[in-house]
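Visitor: Could you give me a close look at one part of this model? I'd like to know how it is held among its neighbours, and then what you would show me next.

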Amino acid sequence: MKYNLQTISSQFQIAGEFLTAQPYGSGHINDTFAATYRQNGREVRYIFQRINHVVFKNPVALMENVQRVTAHLRAKLAGQPDIDRRTLTVIPARDGLAYHRDDAGNYWRVYIFIEKAKTYDTVESPAQAFAAAQAFGRFQKLLTDLPAPRLHDTIPDFHNTPKRFAALERALAADAHNRAHLAKAEIAFALAHKPMTSVLIDAGLPERITHNDTKFNNVMLDDATGDGICVIDLDTVMPGLALYDFGDQVRTTTSPAKEDERDLSKVGLQFSMFEALVRGYLSEAGEFLTPAERGYLAFSGKLITFTIGLRFLTDFLSGDVYFKIHREGHNLDRCRTQLRLVESIEQQEDRMNKLVATI
Ligand code: ADP
Ligand code: GN1
Ligand code: MG
């Protein structure tokens, strides 16, 4: 393994004996490990993460956000059973900070491991979609009264589609890896959709505290009840539009195919999953969303899917510098599923809007 997890683990306030650590999960950004300790004869797991400091330029500010958000969630959930499974819990380093900086300049953090729950890369049933959406809606609701100051923008303009589009245009003009000819259809599709890029930003919607990475595998579903027990991956929690979160759920929770599926005939929005998402999300977020926000629920799915598609395409053209890849053309494959899903949403958008209007 590239990192000595035993040495790193000794920097954190964890009792007992370190046993092992293995790479864990399928995130595209951070390096995640599950570490096992022996504590009073029992094996107890923790999540260790190396924060990707190329993507997150200010890990200290990021951890300040995470601490404020998790402390607030914990206070609001006080009294509920199993509190350590309902929000992430940061384990402090020996010096009391929320992170440890190693000799190579890497930032590490540790969370309590949420046991008896799982993340899934693809959705299996409308009940799962409902549970995930309800958890993300609740997450937003619980954070509506987070005291000032404003959270840090851990990645400025993260969901700013016009800026993402401009980045694609720059990557295309440079074509630094001579790959544009491999993605002609995707580039044409992206360019033809320029008019929709500014719709949400121009809509005058309220700023809220949002998660901004509401991928289906960023919520843990309880093994016993199926409920969305804990929202994880809090690196991008920051001010944003509520619809960024709903849109990314549509992107990752309505299609049965993996994000990097090569058989595009498997990709498409399943209406039953969309309906479950709307119902689950509104069961919590319905309390605070404005009519204007509701009106863009279906559109947000199309826009965020398109936006991530732009980002995969840009990264493909730029030589795969942002998202971890595991094979040649991986980011182009990912881009293709996103654009296929955009098409599928376009075909069903009227029906999606009609459904939202009835709920
Ligand atoms: P990334 O930003 O790279 O996606 P995540 O924070 O989402 O990293 O973690 C990657 C995976 O690790 C998650 O999808 C989940 O399966 C697992 N994971 C993360 N945090 C926890 C936790 N506290 N308890 C159990 N599993 C976790
Ligand atoms: C990344 O970290 P992870 O894998 O949950 C990315 C998201 C993308 C997603 C695409 C900080 O999410 O914005 O939507 O990949 N996170 C960051 O799968 O860029
Ligand atoms: Mg993740």
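Guide: Let's start with a pair of residues: in strand 6, R109 has Q49 standing opposite. This is a predicted model, where local features need pLDDT of at least 70 and side-chain atom pairs 80 or more, while totals for chains, interfaces and linings use all residues. Residues are numbered from 1 along each chain as written, chains are lettered from A and ligands numbered from 1 in written order, and side-chain values use heavy atoms, without hydrogens or water.

Strands here are DSSP runs of at least two E residues, and two of them pair if at least two bridges are found.

Now for the partners. Strand 3 (residues 42–51) runs antiparallel to strand 6, joined to it by six bridges. Strand 4 (residues 90–91) is also antiparallel to strand 6, with two bridges, and here V90 faces Y111. Strand 5 (residues 100–101) makes two bridges to strand 6, again antiparallel, and R101 stands opposite Y107. Strand 5 and strand 6 form a hairpin with five residues between the strands, where G105 takes a positive phi near 90 degrees.

Next I would show you the magnesium ion (ligand 3). Its protein donors, N218 (OD1) and D233 (OD), lie 2.2 Å from it; donors are N, O and S atoms within 2.8 Å (3.2 Å for Na, K and Ca). N218 sits in the loop between strand 8 (208–210) and strand 9 (219–222), and D233 in the loop between strand 10 (228–231) and strand 11 (238–240). The pair therefore ties together parts that are 15 residues apart in sequence.

Last, follow helix 9 (residues 297–317) and helix 10 (residues 330–358), which pack with their axes 8 Å apart at an angle of about 170 degrees. Helix 9 is thus roughly antiparallel (over 145 degrees) to helix 10. Their contact brings together 16 nonpolar, six polar and five charged residues.

Conventions. Helices (H or I, at least four residues) and strands (E, at least two) are DSSP runs, numbered from the N terminus. Axes are lines fitted to C-alpha atoms, for helices over the stretch in contact, and angles run from 0 to 180 degrees between N-to-C directions. Angles under 35 degrees count as roughly parallel, over 145 as roughly antiparallel, 65 to 115 as roughly perpendicular and the rest as oblique. Ala, Val, Leu, Ile, Met, Phe, Trp, Tyr, Cys and Pro count as nonpolar, Asp, Glu, Lys and Arg as charged, and the others, Gly among them, as polar.
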